[in-house]
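Have it open while you read, and go through the points in order.

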Amino acid sequence: MAKTILAVDDSGSLRQMVAFSLQAAGYNVVQAVDGQDGLNKAKEKTVDLVLTDQNMPIMDGLTLIKSLRGLGSYQKVPILMLTTESSDEMKARGKAAGANGWLVKPFDPKRLIEVVQKVIG
Amino acid sequence: MSRQNDSPVPELGRVLAALCENGSQHLSRVESDLVQTMFLLNEAIEKIGQHFTAIHQAVSEQQAELELLLAQTGLPAQLADSKQLEVLRDLREVIGDEVNSAVVGLQFHDLTSQLLSRTISRTNGLRDLHLTFKAHGEGISAGHEPGAMARQLDEMGESLKLCHIDLGSESCHSVRQQHLGCGEIELF
């Protein structure tokens, strides 16, 4: 059965490219438009991996990670940040919040798939 | 004419108010143009993205049909080792690489959108500052005692400080990409 990835980003074109790349590799992709939408969808569905942006309206990526880690069912689900932010300070904050990895935009589809495969198979 | 009427203070207030009003109008136009630019850019990239995925889908189906056809009909012996098969295999790789590059390229819309959004927000902030200063300028009159003028100047200083704090809070969100290549990956 195909694994499900939750892609959270306020940019429609970015979500479209993430979905396009991951679906081509055989994954199901659920899309969310901001952190709050991502949190709601994570509660509704069983998700194998979360891929989230940082700077979003309503709820940012770090807050989403902290909220997900607070839910029993998401304590061990891998969460990757996909963001324009590349500073060591932001990466450290992401790691402290519970992120498992940091990808700086723009992403290369082949490398994204390699990372996803490494993390969830 | 009294000494009070000769004071440059009211004129200074009027000039400040007029300058801020004019600046505010210019910034409104800049903001409106930026919003329209972002709207058109979003529409264009969304359409390009849709057409791109549709083209990719069609090419993938075409490849699959071709492979099915070759498998069903079998290859003529004279074609089995021909360069045409090699060309077909190479083309598949070329298509894959081009698709990858296009996906990376389309993501720069996200980066430019972030920059445009921030510029709109800063334009907005600058316009608010102009409007605040306009109100201060209109409030300046010849009858003001030095103490009242000092308070007015203090208030203007506070407005500037607030604007500075707003800019500081935004500076941590940055788009620093300088090249059209993909970003780094780090697993914790």
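1. Ground rules first. Helices (H or I, at least four residues) and strands (E, at least two) are DSSP runs, numbered from the N terminus. This is a predicted model, where local features need pLDDT of at least 70, side-chain atom pairs count only at pLDDT 80 or more, and totals for chains, interfaces and linings use all residues. Residues are numbered from 1 along each chain as its sequence is written, chains are lettered from A and ligands numbered from 1 in the order in which they are written, and side-chain values use heavy atoms, with hydrogens and water left out.

2. Start with the sheet. Its 6 strands run in the order β2(A)-β1(A)-β3(A)-β4(A)-β5(A)-β1(B), open, with mixed pairing; two strands count as paired if DSSP finds at least two bridges between them. At the edges sit β2 (28–32) of chain A and β1 (185–187) of chain B, each pairing on one side only. On average, neighbouring strands are turned by 20° against each other, direction ignored. Axes here are lines fitted to C-alpha atoms, for helices over the stretch in contact, and angles run from 0 to 180 degrees between N-to-C directions.

3. Now β1(A), residues 4–8. This strand pairs with β3(A), residues 49–52, in the parallel sense over 4 bridges, and A:Leu6 stands opposite A:Val50 there. Helix α2 of chain A (residues 35–44) packs on the sheet and touches β1 and β2 of chain A, its direction making about 135° with that of β2(A). Contact means heavy atoms within 4.5 Å.

4. On its β2(A) side, β1(A) again pairs in the parallel sense, over 5 bridges; A:Val8 has A:Ala32 as its bridge partner in β2(A). The chain gets from β1(A) to β2(A) through helix α1 of chain A (residues 12–24), a right-handed β-α-β crossover. Right-handed means that, with the strands pointing away from the viewer, the path from the first strand over the helix to the second runs clockwise.

5. What does the interface look like in numbers? Chain A and chain B bury about 2900 Å² between them, 58% of it on carbon and sulfur atoms; that is accessible area (1.4 Å probe) lost on putting the two parts together, summed over both. Chain A brings 30 residues to the contact and chain B 32 residues. The rule finds 4 salt bridges across this interface, each being a side-chain nitrogen of Lys or Arg within 4 Å of a carboxyl oxygen of Asp or Glu. In one salt bridge, the side chains of A:Lys91 and B:Glu186 meet at 3.3 Å, N to O. On the chain A side, α1, α4 (88–97), β5 (101–104) and α5 (109–120) each supply at least two residues.

6. Check the loop between β5 and α5 of chain A, where A:Pro106 lies. A cis peptide bond joins A:Lys105 and A:Pro106, with omega about -5°. A:Lys105 also forms a salt bridge with A:Asp9, the closest N and O atoms being 2.8 Å apart. This pair links distant parts of the chain, 96 residues apart, with A:Asp9 in the loop between β1 and α1 of chain A.

7. One more backbone item: A:Ile58 has a positive phi of about 70° although it is not a glycine. A:Ile58 lies in the loop between β3 and α3 (61–69) of chain A.
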